[in-house]
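Please look through the structure shown here, and then follow the paragraphs below from one part to the next.

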Amino acid sequence: MTTAIPTADAGPDASPRARSIRAGFRGVVPSSAAVAAWGAGLIELALGAGALTNGGAARGAGAVLVALGAAALVWGAATLVRGRIIVPRTGVAASLAGLAAAVAALAADPVRTSLAAIGALAVLLLATALACASRVRRRGGRADAAPPRVWAILAASVVVAALVTPALAATDAGRSAVPHGRHGITDPGHH
């Protein structure tokens, strides 16, 4: 005896419960991909800024990382606003280019480039690339827009923040930042 279990990918002839499950998860992948792209973009910007201070190949990789980081922030915002992953093939290509640029920065200056930041960046870029690839595979890259799910944005934000915060602290920019509580000039003997 076999039992059919409704899935979120069930077709138009699916049961009302399967359609309800699918409707509940619409907007989750674009929301999560947008937040992952933002995290990756922030790390790319930090790694790129550190690499730009060097010469040669590191500077070139830094310029690419800064451009891809800015593009990732814009892409994430546009994806969230539209409620669907936009230009998914470009998203896959940009994610792979970000990985290549990060590896190039690491190869050019392994002493100043953080492995922790590269690892977190790789996780976020791969998550973004997989979300984009799944969108390409389904419906030829087009999907119905769905409103972003607040719970999906919050869950993705928690995971991304757990990856991005220590990664940013490990970059050249993070190591050069002023410690909290030490902003400004204070003179203990002056009132």
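In this predicted model, the lining of the second largest pocket is made up of nine nonpolar residues, four polar ones and one charged one. The space in this pocket comes to about 190 Å³. Its lining numbers 14 residues, and those closest to the centre of the pocket are Ala 72, Trp 75, Gly 91, Ala 94 and Ser 95. At least two lining residues come from each of helix 2 (28-52), helix 3 (57-82), helix 4 (88-108) and helix 5 (115-137).

Next comes the packing of nonpolar side chains. The largest nonpolar core contains 20 residues, and the ones with the most contacts inside it are Ile 43, Leu 47, Leu 65, Leu 121 and Leu 124. Helix 2, helix 3, helix 4, helix 5 and helix 6 (150-170) each give two or more residues to this core. The biggest share, six residues, is that of helix 5. Another core lies apart from this one; it has seven residues, including Ala 33, Ala 37, Trp 75 and Ala 131.

When neighbours within four places in sequence are left aside, Leu 47 is in contact with Leu 65, Thr 113, Ala 117, Ile 118, Leu 121 and Thr 171. Leu 47 is also one of the residues that line the largest cavity.

How many cavities of 30 Å³ or more are there? The count is one. The largest cavity holds about 80 Å³ of space. Around it stand Ala 46, Leu 47, Gly 50, Ala 51, Asn 54, Ala 105, Asp 109, Arg 112, Thr 113 and Asp 172. Helix 2 gives the most to this lining, with four residues. Sorted by class, the lining has four nonpolar, three polar and three charged residues.

The structure has three salt bridges. In one of them Arg 112 pairs with Asp 109, with 4.0 Å between the closest N and O atoms. Asp 109 is buried, at a relative accessible area of 13%, whereas Arg 112 is partly exposed, at 32% relative accessibility.

Arg 112 also forms a salt bridge with Asp 172, with an N to O distance of 2.3 Å. Why does this pair tie together parts that are 60 residues apart in sequence? Arg 112 lies in the loop between helix 4 and helix 5, while Asp 172 belongs to helix 7 (residues 172-176), so the pair joins parts separated by 60 residues. Asp 172 counts as buried, because its relative accessibility is 17% and the cut-off for a buried residue is under 20%.

Asp 172 has a further salt bridge with Arg 175, at 3.3 Å from N to O. Both residues of this pair lie in helix 7, three residues apart, or about one turn of the helix. Arg 175 is partly exposed, with 45% relative accessibility. Taken together, Asp 109, Arg 112, Asp 172 and Arg 175 are linked in a network of salt bridges.

How values were computed. Residues numbered from 1 in each chain as written. Predicted model: local features only at pLDDT ≥ 70, side-chain atom pairs only at ≥ 80, totals over all residues. Heavy atoms only, no water. 1 Å grid on protein atoms, 1.4 Å probe; cavity = no way out; pocket = protein on both sides within 12 Å on 5 of 7 lines; lining within 4 Å. Points joined across faces, edges and corners; volume = space filled by probe spheres on them. Nonpolar A, V, L, I, M, F, W, Y, C, P; charged D, E, K, R; others polar. Salt bridge = Lys/Arg side-chain N within 4 Å of Asp/Glu carboxyl O. Buried < 20%, exposed > 50% of the residue type's maximum accessible area, 1.4 Å probe, protein only. Core = buried A, V, L, I, M, F, W, Y, C linked by side-chain atoms within 4.5 Å. Contact = heavy atoms within 4.5 Å.
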